[in-house]
Amino acid sequence: MIQRDVIVACDFPTLRQTTQFLDLFTDEKPFLKIGMELYYGEGAEAVRELKRRGHRIFLDLKLHDIPNTVRRTMSVLSHLDIDMCNVHAAGTAAMMRAAVEGATREDGTRPLIVAVTQLTSTSEDTMRSELLIDTSIGDCITRYAMNARAAGLDGVVCSPLEASAIKDACGETFLTVTPGVRFTDSTADDQSRTASPAMARELGSDFIVVGRPITAATDPVQAYRRCLSDFLQL
Ligand code: C5P
């Protein structure tokens with residue numbers, strides 16, 4: 001049984017800025033999301049350093065390539081001892097199966113692997129006119145989630161507002177990892193379809209990914225604790 005948790009999106013350009021932010025946390029070791037900016041800027045050493053500091057890590061690199069390349073890359077990433085990573089479901093079921101194979105370590109363990117279905121920046125119009133996918137965006141997201149489940153993945157990244165439809169299609173134990181989380185009394189920034197931590201919990205999110213409401217807060221530790229208690233209903 002996977003434990004629900006809050007994942008802090010550390011969208012900082014350098015490891016130094018990331019660790020300065022994390023030094024604020026003296027009592028907790030938040031689960032972190034590290035993205036392409038930090039990974040491509042600082043490399044695998046950034047992941048090793050954050051693991052040494054005791055954090056769990058969701059490495060958000062959204063792999064999408066031929067199955068053989070994804071298998072081999074996943075093996076490298078998995079040996080960094082990351083806890084979660086992701087691929088694009090558009091890469092096909094064969095690519096997702098290869099991701100699971102590559103991520104599986106010699107001792108049989110592996111990080112959780114979740115799929116990106118359609119990016120929230122892609123509108124239904126764009127999906128139809130540019131990607132030539134002739135269906136509703138909701139159907140596409142659900143079908144991609146079902147493909148991910150059939151390929152052996154653990155879940156998908158989605159909006160909290162999509163979580164219950166995905167659970168209906170793929171089962172309760174299929175994980176939903178949801179960004180787009182905002183406190184009801186804070187700014188939405190550039191996110192358009194948001195839910196509060198408590199709402200995300202009600203809607204079936206297993207992990208909420210929260211960036212600026214924590215990283216840009218006057219008191220990030222207090223904001224993190226508020227997220228945790230609202231989401232976990234402590
Ligand atoms: O600062 P904020 O809470 O908006 O950060 C959300 C994080 O989740 C960012 O790292 C963003 O790139 C990521 N994300 C997202 N929406 C998606 C997929 C990822 O906001 N659909």
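**Two helices side by side**

In this predicted model, the axes of helix H1 (residues 15-22) and helix H3 (residues 44-52) come within 11 Å and cross at roughly 15°.

Q: Why is H1 called roughly parallel to H3?
A: Angles under 35 degrees count as roughly parallel. The axes of H1 and H3 cross at roughly 15°, so H1 is roughly parallel to H3. The crossing is also right-handed.

Q: Which residues make the contact of H1 with H3?
A: On H1 they are Leu15, Thr18, Thr19 and Leu22. H3 brings Ala46, Glu49 and Leu50.

Q: How do the residues of this contact divide into nonpolar, polar and charged?
A: There are four nonpolar, two polar and one charged.

Q: What makes S1 and S2 a pair of strands?
A: Two strands pair if there are at least two bridges between them. Three bridges join strand S1 (residues 5-9) to strand S2 (residues 31-35), and these strands run parallel. Ala9, for example, has Lys33 in S2 as its bridge partner.

Q: Which residues of helix H5 (residues 93-103) are buried, and what covers them?
A: Buried means under 20% relative accessible area. Met95, Met96, Ala98, Ala99, Val100, Gly102 and Ala103 are buried. Their cover includes strands S3, S4 and S5 and helices H4 and H7.

Note on methods: Residues numbered from 1 in each chain as written. Predicted model: local features only at pLDDT ≥ 70, side-chain atom pairs only at ≥ 80, totals over all residues. Heavy atoms only, no water. Axes fitted to C-alpha atoms, helices over the stretch in contact; angles between N-to-C directions. Helix = DSSP H or I, 4+ residues; strand = E, 2+ residues; numbered from the N terminus. Parallel < 35°, antiparallel > 145°, perpendicular 65-115°, else oblique. Left-handed = near helix turned anticlockwise from the far one by under 90°. Contact = heavy atoms within 4.5 Å. Nonpolar A, V, L, I, M, F, W, Y, C, P; charged D, E, K, R; others polar. Buried < 20%, exposed > 50% of the residue type's maximum accessible area, 1.4 Å probe, protein only.
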